[in-house]
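Here is a short briefing to read alongside the model on your screen. Have the viewer ready, and let's walk through the fold together.

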Amino acid sequence: MKLTWHTTELELAEPLRISRSVMARRDAVWVTIEHGGLTGWGEVVSSDYLGLPTACIVRHLTTARPAVERLSDPETAWDEHMADALPGLPELPAGVLAGLEAALLDLVGKRSGRPAHQLLGTHTAPAAQTARTISIVPPVPAAAQAARLALSGFTVIKIKAGSPDPADDLARVKAVRTGAPDAGLLLDPNGAWTERQAIDLLPRFADLGVTAVEQPIAPGSPDALARLAKESPVPVIADEDAVSYEDAVALAGLVHGVNVKLAKCGGVRAALRIHEALCGSGTDLMLGCLTASSLGIAPAVHLADRARWVDLDGHLLLADDPWTGIGGADGTVRAADRAGLGVRRTHMAVVR
């Protein structure tokens, strides 16, 4: 097998402002694994928050390349699990492992003529309504965005929160409710509130139609998050407090949901382990993502049937998505029935 990669830049259609940062673009590293005349593709996106700058991604891929290229064939590597098939290497960051695993899944699917979801245990191609994010913006543009999304077919809207003055967040949510009166609303402060603030604010947001909240308080205090989940009038979903499989298992039964992002947990295999561990615990699965192209989002779409909440809109935030194949512009993401991940390049992006 042959492992190669290329780096490109993904530019957002407009800056995404959340409580801790503003992002207008990010790098994507496209990973390819070739064998027998076929190529599998995966994507690793850079992330300052996850401690994964582009140089770090490339360094880990360079380190992993000899071990990957010594693997006998894609099917054996997939059956043995990518992480276990590379003995003797330093532990790979979750995002890098997820990208390598995605390329391998794509390649195995193409070699067998089967779509990824079938290799992952689902016969019918999953399709799910996805949330669409509105960042921290003033009420008037928030209402206009919400109205456009509702007209396009979105039934779930996620609203970023965590403004210095919570009154601004309340005004934004009220504006979104006005613009999209029938949409389900998710709220995401990205850990910006104290426990006391969250207890005081969540009933007010519930009155405006918010149906669930992600990570309302700063990560690092899972006991406080569990206490808040007992008090909250809406489901509480752990995100920044639920990075790994071990984090998710520790929170099972204590919060209403866990936001699983493949770049956090290490790929589709890890996500399936988390789903299995949560079953019957009272804690449901949310599938989330980083801002990425359709190539980067596609592996999670093939798991969408396992989730109560789906937030796979990262490709929809881009000014120009160089891949296609999972839809979403009408509010529904769909796994393709084509072999592998089912995505295709739409044009040649600038690579370096």
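Which strands does helix H6 lie across? Helix H6, residues 166-179, lies across S5, strand S6 (156-160), strand S7 (184-188) and strand S8 (210-214). Please keep in mind that this is a predicted model. The points below start with the sheet and then turn to the helices.

**The sheet**
- Eight strands form an open sheet with parallel pairing, in the order S5-S6-S7-S8-S9-S10-S11-S12.
- Strand S5 (132-134) and strand S12 (309-310) are the edge strands, each pairing on one side only.
- Strands S10 (residues 257-260) and S11 (residues 284-287) run parallel and are joined by four bridges.
- Val258 has Leu285 in S11 as its bridge partner.

**A helix across the sheet**
- H6 runs at about 160 degrees to S6.

**A pair of helices**
- Helix H7 (residues 195-207) packs with helix H8 (residues 222-231) at an angle of about 20 degrees, and their axes are 10 Å apart.
- Because angles under 35 degrees count as roughly parallel, H7 is roughly parallel to H8.
- The H7 and H8 crossing is right-handed.
- On the H7 side, Glu195, Ala198, Ile199 and Leu202 take part in the contact, and they meet Ala224, Arg227 and Leu228 of H8.
- By type, the residues of this contact of H7 with H8 comprise five nonpolar, no polar and two charged.

Terms used: Residues numbered from 1 in each chain as written. Predicted model: local features only at pLDDT ≥ 70, side-chain atom pairs only at ≥ 80, totals over all residues. Heavy atoms only, no water. Pairing = 2+ DSSP bridges. Helix = DSSP H or I, 4+ residues; strand = E, 2+ residues; numbered from the N terminus. Contact = heavy atoms within 4.5 Å. Axes fitted to C-alpha atoms, helices over the stretch in contact; angles between N-to-C directions. Parallel < 35°, antiparallel > 145°, perpendicular 65-115°, else oblique. Left-handed = near helix turned anticlockwise from the far one by under 90°. Nonpolar A, V, L, I, M, F, W, Y, C, P; charged D, E, K, R; others polar.
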